[in-house]
Every structure is written in C-alpha cells, then in structure tokens.
Amino acid sequence: MSHLDPEQIALIALGEPASDDDTAHLAACADCSLELAELRRTVLVGKSTLGMGGLETPPDRVWDRIVAEIDEAGVPVAAVDSAPVADTGRSDGGADTKRDASPRRTLSKMLFTLAASAAVILAVVGTWALVRPAEVVEVASASLLAFPDHPGAEGSAVVVEGEDGEKLVRVELDDDEPTDGFREVWLITADATAIVSLGILEGSEGEFAVPEDVDLRDYVLVDISQEPQDGDPTHSGDSIVRGELDFA
Ligand SMILES: [Zn+2]
C-alpha cells in the first residue's frame, strides 16, 4: 500500500479534516500515524508556547526572521516554496496533485520541511520567542472615585499579570497636581484592617508591582492619597480617590 502524501499529513496536523481513506490508512499504518503525531506535537508546541494564536498568519517580520534563520541553518528555502514536497523516499510521489498557493498550504509545506530538522525547529521557536510581544493578562480593574475633599478627581486601576506570574497595578489619576506633598498608591483590605503602600505616584499615571505576599483577593481596595512631607510613612487619611477591584 502507498503511504499518505507527506503534505496531506501536514495538513491534517494543522487541523484539516482527514478523508475517510486517509483516516483508514492512518488507523492501519504505524509509520504515517507516528509521523502525524510528531507533526501535531510540533504544531501544538508552536501554538501553546508561543501564544501566536494562529500559526497560519504570523506577521511578515516574523516570517522574515524565520526565513533568515532557515537560510543560516542551510535548508534550501526555495525548495519550500516551489518544489514538490520533500522526498521521504516512501511517498508514492505520483500525480502532482493540484497544489494551490494558499498561505495555509505553503505553510504546511514549510512545516513539513522544518519537521525534518529538529535543529531548525528550535531555531524557529527561538526566533518566535524573541519577536513575540510579552504576554500580559488583565486580571482585575477598578474605577477610582473621588473623596469629598477632592471633588472632580477620578481615576482607574488595572491589574495585569505577566507570564512570570508577577502582578502589576497600573493607575491613572485625573486630578490637579498637588502644590506640596506627594501622592501615594495603596492597597487596602475590604475591612480596612490592613494596608500596604505600593509607592509614590508621579504625574497622572504609574505602574506598581504587587508584593508577592499580598493577595489581591484580600486587598481589594485601590487608594490614592495626598501625603504631606512629614516623614510619616503611614497613610495620611487624606484619600483622593478609592475603588474596589473587580476581577475578570
Ligand atoms: Zn502509511
């Protein structure tokens, strides 16, 4: 029996439905099913660790970097674009089935060729890791409302979590700059029995790391206070705005 076209295996690995014939062959042929499993893992690794969302549509600059990497690694890139799929010595090699030039199809050829070389895959993954934007996820937000002594003030807070698990509070405050003293950002528990300073707010916005031992589920209030230059590190009691975090 002839094996599946390698390109067909690549397409199935990318998520295209397999035909009944292909499915039957995969069930019966250890070689092809193993190849499919390995390609699927490649696709999965690419998707899950890179957060690219869609492998089919990487930005141009990413492709440029990838092609450059492949070039360096000595894989003939031209072959990926124009030649029939890499000859594994066991494809039936027959009828040059209609090959359209859709990006998806081109990519599947690319993937298959890449899969032939673990070193190239690693180079590609490394490149993706370099060029992808850092992933941050918004985990909570709050509207900060004015206290009576600061009419007209308003602000907002957003908590984001980076890939390393570190949480950051980004605050914005719309209020007149104080003529003296400074403004400080705080996290306070709902019952106001505990408070922690995040730091001094310079200007109208700032970003503050949440201390590791502070659980935001307890410290749900974000507060910005007006502080005098009195050397006292505690909260002045003069809050400008405050709001409760709403978790996504
Ligand atoms: Zn087979």
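Reply: Gladly, and since this is a predicted model, the labels apply to computed coordinates. The largest nonpolar core has 25 residues, and those with the most contacts inside it are V171, L187 and I224. Strands β1, β2, β3, β4 (182–188), β5 (195–201), β7 and β8 (239–244) each supply at least two residues of this core, and the largest share, 4 residues, comes from β1.

Me: What makes a set of residues a nonpolar core, and which residues belong to the other one?

Reply: The members must be buried residues of the kinds Ala, Val, Leu, Ile, Met, Phe, Trp, Tyr and Cys, joined through side-chain atoms within 4.5 Å. In soluble globular proteins, nonpolar side chains tend to be buried together.

Me: Why is F208 called buried?

Reply: Buried means under 20% relative accessible area, and F208 has a relative accessible area of 8%, so F208 is buried. F208 has its place in strand β6 (residues 205–209), and, leaving aside neighbours within four places in sequence, F208 is in contact with K167, L168, V169, V171, V185, L198, G199, I200 and L201. The C-alpha atoms of F208 and K167 are separated by 8.6 Å, although the two residues are 41 residues apart along the chain.

Me: Why is D223 called buried, and which side chains have polar contacts with the side chain of D223?

Reply: The relative accessible area of D223 is 0%, and therefore D223 is buried by the limit of under 20%. D223 lies in strand β7 (residues 221–227), and the side chain of D223 has a polar contact of 2.6 Å with that of S239 and another of 2.8 Å with that of R242. Both values can be set against the polar-contact cut-off of 3.5 Å. Leaving aside neighbours within four places in sequence, the residues in contact with D223 also include E184, V185, W186, I188, H235 and V241.

Me: How do you know that β2 is paired, and with which strands?

Reply: Two strands pair if at least two bridges are found between them. Strand β1 (residues 136–146) and strand β2 (residues 154–162) are joined by 9 bridges and run antiparallel, with V136 standing opposite G162. Between β2 and strand β3 (residues 167–174), also antiparallel, there are 8 bridges, and V160 stands opposite L168. β2 and β3 form a hairpin with 4 residues between them, and G165 in the turn has a positive phi of about 90 degrees.

Me: What makes the arrangement of the donor atoms around the zinc ion tetrahedral?

Reply: The zinc ion is coordinated by H3 (ND1), H25 (NE2), C29 (SG) and C32 (SG) at 2.0 to 2.3 Å. Four donors count as tetrahedral if all angles lie between 85 and 135 degrees, and the 4 donor atoms here subtend angles of 99 to 129 degrees, so the arrangement is tetrahedral. The ideal angle for four tetrahedral donors is 109.5 degrees. In sequence the donor residues are spaced H-x21-H-x3-C-x2-C, and both H25 and C29 are buried.

Me: What does the chain come to as a whole?

Reply: The secondary structure of the chain comes to 7 helices and 9 strands, and buried residues make up 37% of the 248 residues.

Key. Residues are numbered from 1 along each chain as its sequence is written. This is a predicted model: local features need pLDDT of at least 70, side-chain atom pairs count only at pLDDT 80 or more; totals for chains, interfaces and linings use all residues. Side-chain values use heavy atoms; hydrogens and water are left out. Buried means under 20% relative accessible area, exposed over 50%, partly exposed in between (1.4 Å probe, protein chains only). A polar contact is a pair of N or O atoms within 3.5 Å; within protein, one must be able to donate a hydrogen and the other to accept it, and residues adjacent in sequence count only if both atoms are side-chain atoms. Contact means heavy atoms within 4.5 Å. Donors are N, O and S atoms within 2.8 Å of the metal (3.2 Å for Na, K and Ca); water is not among the atoms, so sites may look incomplete. Four donors count as tetrahedral if all angles lie between 85 and 135 degrees; four count as square planar and six as octahedral if opposite donors are over 155 degrees apart and all others between 65 and 115; anything else is irregular.
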